[in-house]
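Biologist: I would like to learn how to read a structure that is new to me, one feature at a time. Could you show it first and then take my questions in turn?

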Amino acid sequence: MTNPVRPSPLDDPDYAAFAWGRYFRVMRWMGLLTLVVIALALAYLYETVGLVSIHLYIAAVLGIGLTMMLMAALMGLVFLSSGTGHDEAVDNGLEQHVEEWWS
């Protein structure tokens, strides 16, 4: 016997708009924090090594910026999925086999 498909709370357009709005608000704050961290890192680099090469500063900006924004995007999606109840709506079909595996 198969389990009926449970609807995801994100199927409701109003709730999905609210959840995605919250996600993009978090992303904007993380973008602002990323810019502050980049500015502090560039100031630190300039104070410690001086004006070595523009490539050092470009690499630092890209490395810090992309790393922080990728981390924020992925963790934001994890929080979006978990916080909206979307994870509970997913049926992976493994529950029926748990007793078999542990016996």
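Modeller: Let us start from a single residue, bearing in mind that this is a predicted model. Buried means under 20% relative accessible area, and Ala60, at 17% relative accessibility, therefore counts as buried. Ala60 is found in helix α2.

Biologist: Which residues does Ala60 touch, not counting residues up to four places away in sequence?

Modeller: Leaving out residues up to four places away in sequence, Ala60 touches Leu42, Leu45 and Gly65. Ala60 and Leu45 are 15 residues apart in sequence, while their C-alpha atoms are 9.1 Å apart in space.

Biologist: When contacts are taken between residues at least 6 apart in sequence, what percentage join residues at least 24 apart?

Modeller: Among those contacts, 69% join residues at least 24 apart. A pair that illustrates such a separation is Met68 and Thr34, which are 34 residues apart in sequence and 6.5 Å apart in space, C-alpha to C-alpha.

Biologist: In which helices are Thr34 and Met68 found, and why do Thr34 and Met68 count as buried or exposed?

Modeller: Thr34 is found in helix α1, whereas Met68 lies in helix α2. The cut-off for buried is under 20% relative accessible area, so Thr34, at 5% relative accessibility, counts as buried, and Met68, at 16%, counts as buried because of that cut-off as well. With residues up to four places away in sequence not counted, Thr34 touches Ile64, Gly65, Met68 and Met69, and Met68 touches Met30, Leu33, Thr34 and Val37.

Biologist: How should I think about a nonpolar core, and which residues form the largest one here?

Modeller: In soluble globular proteins, nonpolar side chains tend to be buried together. In this model the largest nonpolar core has eight residues, namely Ala19, Tyr23, Met27, Met30, Met68, Ala72, Ala73 and Leu80. The elements that give two or more residues to this core are α1, spanning 13-49, and α2, spanning 54-83. One of the core residues, Met30, touches Met68, Met69, Met71 and Ala72 when residues up to four places away in sequence are not counted.

Biologist: My remaining topic is pockets: what is the volume of the largest pocket, and which residues line it?

Modeller: The largest pocket has a volume of about 160 Å³. Its lining consists of Ala19, Arg22, Tyr23, Val26, Met30, Met71, Ala72, Met75, Gly76, Phe79 and Leu80. The elements that give two or more residues to this lining are α1 and α2, and the largest share, six residues, comes from α2.

Biologist: How many residues of that lining are nonpolar, polar and charged?

Modeller: The lining of the largest pocket divides into nine nonpolar residues, one polar and one charged.

Note on methods:
Residues are numbered from 1 along each chain as its sequence is written. This is a predicted model: local features need pLDDT of at least 70, side-chain atom pairs count only at pLDDT 80 or more; totals for chains, interfaces and linings use all residues. Side-chain values use heavy atoms; hydrogens and water are left out. A nonpolar core is a set of buried Ala, Val, Leu, Ile, Met, Phe, Trp, Tyr and Cys residues joined through side-chain atoms within 4.5 Å. Buried means under 20% relative accessible area, exposed over 50%, partly exposed in between (1.4 Å probe, protein chains only). Helices (H or I, at least four residues) and strands (E, at least two) are DSSP runs, numbered from the N terminus. Contact means heavy atoms within 4.5 Å. On a 1 Å grid over the protein atoms alone, a cavity is a set of points where a 1.4 Å probe fits but cannot get out, and a pocket is an open set with protein on both sides within 12 Å along at least five of seven lines; lining residues have an atom within 4 Å of a point. Grid points are joined across faces, edges and corners, and a volume is the space filled by probe spheres set on the points. Ala, Val, Leu, Ile, Met, Phe, Trp, Tyr, Cys and Pro count as nonpolar, Asp, Glu, Lys and Arg as charged, and the others, Gly among them, as polar.
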